[in-house]
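Student: Please take one part of this model and look at it closely. Keep it short-sentenced, but connect that part to what surrounds it.

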Amino acid sequence: MSVRTALLSLTAVAALAACAPTPGPGMISGPASFVLADFEWSAQTGAAAIEGRIAFRLDGQAFACTGSVGLTPDTPYTRQRFQTLYGSTESAALPEAVVRARTVADPNADYRSFVRSTTCQDGRFRFEDLPDGGWFVIAPVSAGGDRTVLMRYVRTRQGTTATLTL
């Protein structure tokens with residue numbers, strides 16, 4: 001093989017590699033292990049808030065909150081977990097039975113102490129004193145039958161209130 005042929009081959013390989021997607025925010029690049037240090041930022045107190053309301057409708061039926069609304073910090077581990085459970089890291093509305101039937105890696109990882117919870121009253125909820133960062137909001141809802149779980153990703157910034165409608 002000539003030097004010229006070798007250089008052309010290397011150039012072609014480099015061009016193809018440049019076209020491959022690279023992981024960015026919200027993208028999953030491989031198995032993510034549970035690392036306690038990844039969650040520490042979320043335990044801080046901040047000046048941000050999340051204010052939400054439930055307005056989910058399906059087949060003409062209005063759904064209402066049927067439990068506490070949860071707020072899980074965005075980490076490589078939770079991002080991968082939510083991709084597996086909900087099929088998305090942005091938003092989802094799935095039957096609770098479907099979510100519970102899915103299997104995640106390292107299901108015994110205990111990050112519960114970093115999950116915040118609040119009540120949902122009259123279809124509204126609020127989280128306060130949050131630090132800057134990404135969060136997954138989880139709200140179980142029902143229209144009288146089986147529960148559906150709503151999930152939405154939200155980012156907080158100091159001194160602001162993120163508003164969302166699920």
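Tutor: The mean pLDDT of the chain is 85, and 81% of the residues reach at least 70. pLDDT is the predictor's confidence in each residue, on a scale from 0 to 100. This is a predicted model, where local features need pLDDT of at least 70 and side-chain atom pairs pLDDT 80 or more, while totals for chains, interfaces and linings use all residues. Numbering starts from 1 along each chain as its sequence is written, and side-chain values use heavy atoms, with hydrogens and water left out.

One stretch needs care. Over residues 1-28, pLDDT stays under 50. The model has eleven contacts beyond four places in sequence for that stretch; a contact means heavy atoms within 4.5 Å. Where pLDDT is low, predicted coordinates should not be read in detail.

Now the layout. The chain has three helices and eleven strands. Both are DSSP runs numbered from the N terminus: helices are H or I over at least four residues, strands are E over at least two. From the N terminus, the elements follow the order α-β-β-β-β-β-α-β-α-β-β-β-β-β. Of the 166 residues, 38% are buried. Buried means under 20% relative accessible area, exposed over 50%, and partly exposed in between, with a 1.4 Å probe and protein chains only. Among contacts between residues at least 6 apart in sequence, 75% join residues at least 24 apart.

The part to look at is helix α2, residues 76-86. Eight of its eleven residues are buried, which leaves α2 mostly covered. They are Y77, T78, R79, Q80, R81, F82, L85 and Y86. The cover includes β5 (69-73), β6, α3 (96-101), β9 and β10. Just after the helix, G87 takes a positive phi of about 75°.

Start with the rings. A search of the whole structure finds eleven aromatic pairs. Rings of Phe, Tyr and Trp (its six-membered ring) pair if their centres lie within 6.5 Å; planes under 30 degrees apart count as stacked, over 60 as edge-to-face, the rest as tilted. F82 and Y86 make a tilted pair, at 5.4 Å centre to centre with 40° between the planes. These two are four residues apart in α2, so about one helical turn separates them. An α-helix has 3.6 residues a turn, so residues three or four places apart point the same way. F82 and Y86 are both buried.

F82 has a second ring partner, F136. Here the centres are 4.4 Å apart and the planes meet at 25°, so the pair is stacked. F136 sits in strand β9 (residues 133-142) and F82 in α2, so this pair ties together parts 54 residues apart in sequence. The relative accessible area is 4% for F82 and 0% for F136.

V35 lies in the loop between α1 (3-19) and β1 (48-53). V35 is 41 residues from P76 in sequence and 8.8 Å from P76 in space, C-alpha to C-alpha. At 36% relative accessibility, V35 is partly exposed.

Next, the strands of the cover. β6 pairs with β10 (residues 148-156) in the antiparallel sense, over five bridges; two strands pair if DSSP finds at least two bridges between them. A93 has L150 as its bridge partner in β10.

Elsewhere, three strands form an open sheet of mixed pairing, in the order β8-β1-β11. Its edge strands are β8 (124-130) and β11 (161-165), each pairing on one side only. β1 runs antiparallel to β8, with five bridges between them. I50 stands opposite F127 in β8.

One covalent link remains. The structure holds one disulfide, defined as a pair of cysteine sulfur atoms within 2.5 Å. C65 is joined to C120, with S to S at 1.9 Å. The S-S torsion is about 50°, so the disulfide is right-handed. C65 lies in strand β4 (residues 64-65) and C120 in the loop between β7 (116-118) and β8, so parts 55 residues apart in sequence are tied together. C120 counts as buried, at 16% relative accessibility.
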